[in-house]
Amino acid sequence: MACYAPKKYDKSQFERKILTDFKKYETHWKSQFPNWEVLLNHEVSPEQFKLIDKLSANTQVKGINQILHIIENELNNSQRRRLATFFGIEDHYKEDYIKEIIQDLLIQAKNAGFISYNKSDLLPLHKKIEINFDKEDWDGIKSEIDTVVNEFKAIENIIRGYEDNEKELIKRRIMDDYNKLGGVFKKRLYNLTEQYTKQYSNIDDDGYKLSIKAVLLYMFEQCLIGKKARQ
């Protein structure tokens, strides 16, 4: 495999690179690996195809569009996340996860009623934790919230981009799914995270699961799920 990824394309440099790589390939690898492949970080031009094909008619040439197609269609979510981490763009990829999750929730939502509550009765986050979790779980859930709290702003910005009726549908969908589950809040939160992971990801992807947990804990922080008012 030969890779050519310049910041700026130069024809003579490209030709030297390809000819040198091909010569090394013929000398050291061709007998063991009969298929030669060239990857480029730009769209492949006809003259580049012509040069490479002249060297070896069986060569596969892939430009930027083909590489992106592989990433989007041949890698699973976990593999794409590892790739994003390698390139240092994990935060952007997390936001893509969150956008997918929220859009999936909207698509699946049918009917939504108006969400109303008396804001003067709502509790601050640390108080909601105390009334929704056993004392031995307080430190654990606070640590989980600390892990995802940086995503709350992204979630808020994404939701803000929807129409008011769509926002209501998304929130109501989560509330309805939460209310269908039995047990204490900790159990419901775990079960709903697992449910959405299987429903929307189809694989056990820790990154996707963490983004779902971020969305659910954001809804918890917003007093949409869990006990939310003074008793």
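Reply: Apart from its neighbours within four places in sequence, Trp-138 is in contact with Ile-129, Glu-130 and Phe-133. The model is a predicted one, and the account that follows describes it as such. Trp-138 belongs to helix H7. Its C-alpha atom lies 9.0 Å from that of His-126, a residue 12 positions away along the chain.

Sorted by class, the contact of H6 with H7 has 5 nonpolar and 2 charged residues, and no polar ones. Two packed helices are described by the angle between their axes and the distance between the axes. For helix H6 (residues 125-132) and H7, the axes come within 10 Å and cross at roughly 135 degrees. Because of that angle, H6 counts as oblique to H7. The crossing of H6 past H7 is right-handed.

H7 also packs against H10. Here the axes come within 7 Å, and the crossing is at roughly 85 degrees. H7 and H10 are therefore roughly perpendicular to each other. On the H7 side, the residues in this contact are Ile-141, Glu-144, Ile-145, Thr-147, Val-148, Glu-151, Phe-152, Ile-155, Glu-156 and Ile-159. On the H10 side, they are Leu-210, Lys-213, Ala-214, Val-215, Leu-217, Tyr-218, Met-219 and Glu-221. By class, the contact of H7 with H10 divides into 12 nonpolar, 1 polar and 5 charged residues.

The largest one has 38 residues, of which Ile-102, Ile-155, Ile-174, Tyr-196, Leu-217, Met-219 and Ile-225 touch the most other members. Two or more residues of this core come from each of helix H5 (90-108), helix H7 (138-160), helix H8 (164-180), helix H9 (185-200) and helix H10 (206-221). H10 gives the largest share, 9 residues. Ile-102, leaving aside its neighbours within four places in sequence, is in contact with Ile-155, Ile-158, Ile-159, Tyr-162 and Ile-170. A second, separate core consists of 12 residues, including Phe-14, Tyr-25, Leu-51 and Val-61.

The contact of H1 with H2 comprises 7 nonpolar, 1 polar and 3 charged residues. Helix H1 (residues 11-28) and helix H2 (residues 46-55) pack at an angle of about 20 degrees, and their axes are 11 Å apart. H1 is therefore roughly parallel to H2. The crossing of H1 and H2 is right-handed.

Finally, the chain as a whole sets the context. It contains 10 helices and 3 strands, and from the N terminus its elements run β-α-β-α-β-α-α-α-α-α-α-α-α. Of its 231 residues, 39% count as buried. Among contacts with a separation of 6 or more, residues 24 or more positions apart account for 63%.

Technical notes
Residues numbered from 1 in each chain as written. Predicted model: local features only at pLDDT ≥ 70, side-chain atom pairs only at ≥ 80, totals over all residues. Heavy atoms only, no water. Axes fitted to C-alpha atoms, helices over the stretch in contact; angles between N-to-C directions. Helix = DSSP H or I, 4+ residues; strand = E, 2+ residues; numbered from the N terminus. Parallel < 35°, antiparallel > 145°, perpendicular 65-115°, else oblique. Left-handed = near helix turned anticlockwise from the far one by under 90°. Nonpolar A, V, L, I, M, F, W, Y, C, P; charged D, E, K, R; others polar. Core = buried A, V, L, I, M, F, W, Y, C linked by side-chain atoms within 4.5 Å. Buried < 20%, exposed > 50% of the residue type's maximum accessible area, 1.4 Å probe, protein only. Contact = heavy atoms within 4.5 Å.
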